[in-house]
Every structure is written in structure tokens, then in C-alpha cells.
Amino acid sequence: MNKIPYRYDIVGSFLRSERLKHARENFNNNLISKNELKKIENEEILKLVKKEEAAGLKAVSDGEFRRSYWHLDFLAGLTGVKKIEAEKWSVDFKGVQPKAATLKIIDKIDFEDHEFLEHFEYLNSIIENGVTAKMTIPAPTMLHLIACVRTKEYQPIARYQDDEQLIVDLAMAYQKIIQAFYDRGCRYLQLDDTSWGEFCSKEKREEYANCGIDVGALVKKYVYLINLSIVNKPDDMNITIHICRGNFRSTWFSSGGYEPVAKELFGSCKVDEFFLEYDSDRSGDFTPLRFIKDQVVVLGLITSKFSELEDKEMIKARINEASQFVALDQLCLSTQCGFASTEEGNNLTEDQQWAKIALVKEIAEEVWGK
């Protein structure tokens with residue numbers, strides 16, 4: 001129970017408080033300063049961390065309270081990357097759509113400094129009771145997917161006429177990122193990634209194929225990119241990957257089991273752990289887990305999208321089913337995603353959010369012991 005990832009764990013994001021939402025709105029309307037917003041963010045993050053600790057969590061996050069998007073805010077902070085307006089979102093969610101924005105590569109990709117380092121330092125400074133500060137950032141694959149693959153009008157800059165140079169530069173930037181977080185005390189880093197959710201989707205694979213994109217080759221390229229990014233990670237740092245099929249206002253954008261990517265991803269990707277979405281039949285069955293080697297699998301069996309609490313015995317039965325492919329000692333439990341991948345959050349209340357966290361903890365302790 002006391003080893004990363006923990007038997008009951010979190011993906012990372014939490015519902016924003018009304019005070020925080022109001023402050024960000026005031027900042028966007030130039031009614032308060034950046035420093036005033038930061039002060040409120042710090043105060044609300046401190047309240048969140050105390051709630052996480054009170055809930056018995058062993059890994060705590062800042063809830064991604066300083067972000068508008070789970071991914072764009074970080075990626076736009078890399079050298080050579082620019083966040084730009086867009087007419088529509090790069091994928092279609094099943095219902096409401098996020099505020100449209102995308103990324104453009106305008107120069108050599110690199111990492112020099114980033115405000116997220118300061119975000120982690122604050123989180124790490126306020127934790128107590130022996131808990132672990134968990135940092136979440138988008139996987140490097142997300143920049144390539146958004147700027148180069150999803151964008152039909154993509155025109156590479158001169159340096160990236162050869163896409164392999166882009167992959168190398170991106171991996172080198174992430175090597176610097178990982179070391180920078182480590183130097184500031186981070187020992188638990190999560191790479192969030194929706195590319196694999198797309199590659200699991202029959203419809204998305206066909207759509208990419210119709211655009212002349214070889215998804216099989218892209219899968220191999222992305223495993224290579226992740227592995228090159230983390231190759232120099234320190235031994236006492238855990239790097240996990242969270243695979244998602246979209247999480248905005250309780251909606252999603254892709255469906256399909258892991259089988260199309262399982263052999264390459266589970267068999268060859270060198271991350272320490274996989275956080276896998278398994279809260280609905282959109283994620284398929286557990287048979288693709290047969291390709292898992294010695295990594296830990298965190299089963300996302302409790303949904304963060306809806307308020308209804310799952311039946312404990314049903315979840316225990318599913319854990320038992322998964323253990324037919326991965327040893328029970330290599331399994332953990334979490335929600336399938338965070339509660340607010342964007343600042344708008346999913347369609348449930350804060351009380352319902354904490355009830356989900358309590359259920360994860362309760363089931364994990366009954367399955368693996370306290």
C-alpha cells in the first residue's frame with residue numbers, strides 16, 4: 001500500500017472551486033492581476049491538498065488548478081511552440097465541445113524553463129503526513145499528435161522537414177523536463193496521453209488511413225518517442241502514463257479496446273506504470289493486458305464522469321478478472337480519469353467527487369489489505 005503507484009491512487013485533476021473559477025474569470029477580464037490570481041490559486045490548492053490528505057490519499061496533486069487545459073498550458077510553454085486560436089477543437093467530443101485552441105510548432109522544440117516547475121515546488125512545499133506530491137504533464141506524443149497529425153494543414157518548418165528530427169528534439173526537451181522536475185524533488189511524474197485512445201478506435205484509425213497516415217507506424221514512433229524521453233530518468237523516480245479516451249464535461253471522443261496497440265505499447269513502452277481507463281465497455285476487455293511485463297497496471301474502474309457510485313462487489317469481480325492476465329500484486333485501483341481535465345470540470349459535485357475517492361480507497365483496502 002506504500003509503494004508508488006499506491007493501491008488506491010488518483011489521476012490528478014479535481015473540480016475547481018467556485019472561488020477559483022471566479023478568480024480566473026476576473027483575471028481573464030483584467031479585473032485582477034496575475035499575482036492576485038496566484039494568491040487565490042495557492043490558497044485553493046492548499047485547501048485541496050488538505051482534503052486529499054484527509055481522504056487518506058498517499059499521492060496528492062494540485063488538482064491542475066492553475067490550468068485551463070490539461071495539456072495545452074504545458075505544451076505551449078515549450079520553446080518553439082505557440083498556442084493559437086482555432087475554429088474548432090481538433091477532435092469531436094460526444095456532445096459539448098471545449099473552447100477551441102491548438103498548437104503550432106514555429107521553431108526548434110526545446111525546454112529552457114517553465115512555470116510548471118514552480119507549480120510543483122509549491123505543491124511539494126505544502127504536503128504533510130508523508131504523502132507524495134504527484135505531478136501530471138502531457139506526454140510528448142501529444143504535441144506531435146496535435147500539431148502534426150490532427151492538423152490537416154500542417155506545414156513543417158525547415159528543421160522538421162524530416163519528422164525524425166522533430167521526434168529527437170522533442171525527446172531531448174522532455175529529458176530536460178524530467179531532470180528539472182527531479183531536481184526540484186519530484187519522484188512521481190505522470191504523462192497524460194489521449195493518442196492511444198485514438199489509435200484504439202476503429203473509426204479514428206480509418207479516418208487517419210484515409211488521410212494517408214500509417215497508424216501502425218505512428219504507434220511504433222510514439223513508443224520510441226516516449227522511451228527516448230524517459231531513457232535517462234533517475235532510478236528513484238516513477239514515471240507513469242495515463243491513457244485516456246477524452247474527458248470533457250463528462251463526455252469523450254473515442255472508443256475501442258486496447259488490442260490494436262497492446263503488443264507494441266504494453267510490450268515495449270518502458271514506463272513504470274500504466275493508468276488504464278476501464279470504466280465502461282468503450283475500453284474493451286482485459287485480454288490486451290497479456291502483453292504487460294513487469295509494469296504495474298492501475299485499473300481505472302471507477303468513473304469520474306458521473307456521480308453514481310459503482311457496486312463494490314462488481315468492481316472486485318472486475319479486479320479478479322484482470323488478475324487472470326496481470327498478477328494481483330501488479331494491480332492497483334483509481335478513477336478512470338481526473339475530475340476536471342479542463343477548468344470547466346465534469347458533471348458532478350465536489351461531495352460526489354470525494355465519494356468516488358472514498359470508494360476507490362475502500363475497495364482497494366478490502367482487496368489488498370490496509
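**Helix H11 and its surroundings**

Analyst: In helix H11, which spans residues 312-322, the buried residues are Ile315, Arg318, Ile319 and Ala322. Viewed down the axis of H11, these buried residues fall within an arc of 105°, and therefore they line one face of the helix. This is a predicted model. The cover over the buried residues of H11 includes strand S9 (296-302), strand S10 (331-335) and helix H12 (350-368).

A pair of helices may be considered next. Packed helices are described by the angle between their axes and the distance between the axes. Helix H5 (residues 140-149) packs with helix H6 (residues 163-183) at an angle of about 140°, and their axes are 9 Å apart. The crossing of H5 past H6 is right-handed. From H5, the contact is made by Pro140, Leu143, His144 and Cys148, while H6 contributes Asp163, Leu166, Ile167, Leu170 and Tyr174. Sorted by class, the contact of H5 with H6 has 7 nonpolar residues, 1 polar and 1 charged.

Finally, a loop residue deserves attention. Ser68 is found in the loop between strand S1 (59-60) and helix H3 (72-75). Ser68 has a relative accessible area of 15%, and it counts as buried because this value is under 20%. Leaving aside neighbours within four places in sequence, Ser68 is in contact with Arg24, Asp73, Thr342 and Glu343.

Conventions. Residues numbered from 1 in each chain as written. Predicted model: local features only at pLDDT ≥ 70, side-chain atom pairs only at ≥ 80, totals over all residues. Heavy atoms only, no water. Axes fitted to C-alpha atoms, helices over the stretch in contact; angles between N-to-C directions. Helix = DSSP H or I, 4+ residues; strand = E, 2+ residues; numbered from the N terminus. Left-handed = near helix turned anticlockwise from the far one by under 90°. Contact = heavy atoms within 4.5 Å. Nonpolar A, V, L, I, M, F, W, Y, C, P; charged D, E, K, R; others polar. Buried < 20%, exposed > 50% of the residue type's maximum accessible area, 1.4 Å probe, protein only. Arc of directions from axis to C-beta.
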